[in-house]
Amino acid sequence: AVAAPGRRRDGAEIDGNEMTKHKPRILVTMGDPAGVGPELCVRLLGHAATAELCTPIVFGDAAVLARAADHLSLSLDVPVVSAEDWAQNC
């Protein structure tokens, strides 16, 4: 089930600050490095409207994403977390 904007799952009203503080994390796999997945992920990570609604997290090779961003002439200014750090902290 998806909660309506401005309401928690239990139906209680929430203000904009609480919505921002508790944005859902959306996990996306990069897919085949030779396919369109890396380019789609770069565009997802750079999409401002998406960042307002959620925290997108891409599982994949950071170097492949960097090459896709370069190919698209787009900036990829996002934090990179190693698999070990993810396992310990997320």
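**Entry 1: the whole chain**

How much accessible surface does the protein chain have, and what share of it belongs to carbon and sulfur atoms? I find about 6,700 Å², with 54% belonging to carbon and sulfur atoms. I remind myself that this is a predicted model. Next I looked up confidence. The mean pLDDT of the protein chain is 81. Of its residues, 76% reach 70 or more.

I then checked the start of the chain. Over residues 1–5, pLDDT stays under 50. The model has four contacts for this stretch beyond four places in sequence. Where pLDDT is low, predicted coordinates should not be read in detail. I leave that stretch alone.

**Entry 2: helices and strands**

I listed the secondary structure. The protein chain has five helices and two strands. Read from the N terminus, the order is α-β-α-α-β-α-α.

I also looked up burial. Of the 90 residues in the protein chain, 19% are buried. Residues 24 or more positions apart account for 62% of them.

**Entry 3: the nonpolar core**

Which residues make up the largest nonpolar core? I count off nine: Met30, Cys41, Val42, Val58, Val64, Leu65, Ala68, Ala69 and Leu72. Helix α4 gives the most, with five.

Setting aside neighbours within four places in sequence, leucine 65 is in contact with Met30, Pro38, Cys41, Val42, Val58 and Leu76.

Alanine 68 came next. Alanine 68 sits in helix α4. Is alanine 68 buried or exposed? Its relative accessibility is 8%, and the cut-off for buried is under 20%, so alanine 68 counts as buried. Not counting residues up to four places away in sequence, alanine 68 touches Pro38, Glu39 and Val42. I also took a distance from alanine 68 to alanine 34. They are 34 residues apart in sequence, and their C-alpha atoms are 9.9 Å apart.

**Entry 4: cysteines**

The search finds zero. A disulfide is a covalent bond between the sulfur atoms of two cysteines. I still looked up two cysteines. Cysteine 41 is buried, with a relative accessible area of 3%. Cysteine 54 also counts as buried, at 11% relative accessibility.

**Entry 5: the aromatic pair**

How many aromatic pairs are there? The count comes to one. Phenylalanine 59 and tryptophan 86 form this pair. Their centres are 5.3 Å apart. The angle between the planes is 85 degrees, and over 60 counts as edge-to-face, so I log the pair as edge-to-face.

The pair links distant parts of the chain. Phenylalanine 59 belongs to strand β2 (residues 55–59), and tryptophan 86 to helix α5 (residues 83–89). They are 27 residues apart. I checked the cover of each partner. Phenylalanine 59 is partly exposed, with a relative accessible area of 36%. Tryptophan 86 counts as partly exposed too, at 23% relative accessibility.

Leucine 45 lies in helix α2. I listed what leucine 45 touches, not counting residues up to four places away in sequence: Pro56, Val58, Leu76 and Val78. Leucine 45 and leucine 76 are 31 residues apart along the chain, and their C-alpha atoms are separated by 7.6 Å.

Threonine 50 is in helix α3 (residues 48–53). At 16% relative accessibility, threonine 50 counts as buried. Beyond its neighbours within four places in sequence, threonine 50 is in contact with Leu44 and Pro56.

Aspartate 70 is found in helix α4. Its relative accessibility is 62%, and exposed means over 50%, so aspartate 70 counts as exposed.

Where does serine 73 lie? I find serine 73 in the loop between α4 and α5. Serine 73 is exposed, with a relative accessible area of 64%. Phi of serine 73 is near 55 degrees, a positive value in a residue other than glycine. Most residues other than glycine have a negative phi. I marked serine 73 in my notes for its positive phi.

Terms used. Residues numbered from 1 in each chain as written. Predicted model: local features only at pLDDT ≥ 70, side-chain atom pairs only at ≥ 80, totals over all residues. Heavy atoms only, no water. Helix = DSSP H or I, 4+ residues; strand = E, 2+ residues; numbered from the N terminus. Buried < 20%, exposed > 50% of the residue type's maximum accessible area, 1.4 Å probe, protein only. Contact = heavy atoms within 4.5 Å. Areas by Shrake-Rupley, 256 points an atom, 1.4 Å probe, with all protein chains shown as cover. pLDDT = per-residue confidence, 0-100. Phe/Tyr/Trp six-rings, centres within 6.5 Å; stacked < 30°, edge-to-face > 60°. Core = buried A, V, L, I, M, F, W, Y, C linked by side-chain atoms within 4.5 Å. Disulfide = S-S within 2.5 Å.
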